[in-house]
Amino acid sequence: MISTEYVACFFDGEGTVVIYLQKSKYAVLTVGISNTNKHILELIKVKYGGNIYERKIADKGRKRVFQWKLGTIASMFAFLLDIASYVVVKKDAVDLALEYIEKYCSGPIKQDVSGRMEFYLLTKT
């Protein structure tokens, strides 16, 4: 089994936690890791769930790139909470994403579009 500390370190270098605009109407959270080594992503998938996709690369001379992504808010929250005390480079982004989930994604679905937009703008500074 892969350790949480290793995954956090790997996420610091290769991971993304992004709040983006979907159809210019509301902000959506995504959490994932991209790498050319599919095996390491498979180990992370065993530990945290999610899916692995092969990214389309325009340049045929480059290595294949795989992306592990989490698909549910619950899985994103559990993953980010697990690695939060170990990440260094992406610490602010992880903390912001956890705050976003707690504020806008827990309990009944909240339709506070302006609040979600505020978090989206914070990620752009």
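Analyst: Lys90 is buried but forms no salt bridge. Asp12 carries the nearest side chain of opposite charge, 5.3 Å away. Buried means under 20% relative accessible area, exposed over 50%, and partly exposed in between, with a 1.4 Å probe and protein chains only. A salt bridge requires a side-chain nitrogen of Lys or Arg within 4 Å of a carboxyl oxygen of Asp or Glu. For charge, Lys and Arg count as positive and Asp and Glu as negative, while His and the chain ends are not counted.

This is a predicted model: local features need pLDDT of at least 70, side-chain atom pairs count only at pLDDT 80 or more, and totals for chains, interfaces and linings use all residues. Residues are numbered from 1 along each chain as its sequence is written, and side-chain values use heavy atoms, with hydrogens and water left out.

Where does Lys90 sit? Lys90 is in the loop between helix H3 (73–83) and helix H4 (91–104). Helices (H or I, at least four residues) and strands (E, at least two) are DSSP runs, numbered from the N terminus.

What does the side chain of Lys90 reach? Another is the backbone oxygen of Gly15, which lies 3.2 Å from a polar atom of the Lys90 side chain. Setting aside neighbours within four places in sequence, Lys90 is in contact (heavy atoms within 4.5 Å) with Phe11, Asp12, Gly13, Glu14 and Gly15.

Helix H1 covers residues 4–14 and holds Tyr6. Tyr6 is partly exposed, at 41% relative accessibility. The C-alpha atoms of Tyr6 and Ile83 are separated by 9.3 Å, although the two residues are 77 apart along the chain.

Now the charged pairs. Two salt bridges are found in the whole structure. In one, Asp95 pairs with Lys91, and the closest N and O atoms are 3.4 Å apart. Both residues lie in helix H4, four residues apart, about one turn of the helix. Asp95 is partly exposed at 34% relative accessibility. Lys91 is partly exposed too, at 29%.

Arg64 and Glu54 also form a salt bridge, with the closest N and O atoms 3.4 Å apart. This pair links distant parts of the chain: Arg64 is in the loop between S3 and S4, Glu54 is in strand S3, and they are ten residues apart. Glu54 is partly exposed, with a relative accessible area of 41%.

Glu54 also stands opposite Phe66 in S4. Strand S3 (residues 51–55) and S4 pair in the antiparallel sense over five bridges; pairing takes at least two DSSP bridges between two strands. Strand S4 (residues 65–69) has four of its five residues buried, so it is largely enclosed by the rest of the structure.

Last, helix H2 (residues 38–48). Its buried residues are Ile40, Leu41, Ile44 and Tyr48. Seen down the axis of H2, they fall within an arc of 100°, so they line one face of the helix. That arc is taken from the directions from the helix axis to the C-beta atoms. His39 and Val46 are exposed on the other side of H2. Asn37 caps the N-terminal end of H2, with a side-chain oxygen 3.0 Å from the backbone nitrogen of His39. Gly49 follows H2, and its phi is positive, near 85°.

Key
A polar contact is a pair of N or O atoms within 3.5 Å; within protein, one must be able to donate a hydrogen and the other to accept it, and residues adjacent in sequence count only if both atoms are side-chain atoms.
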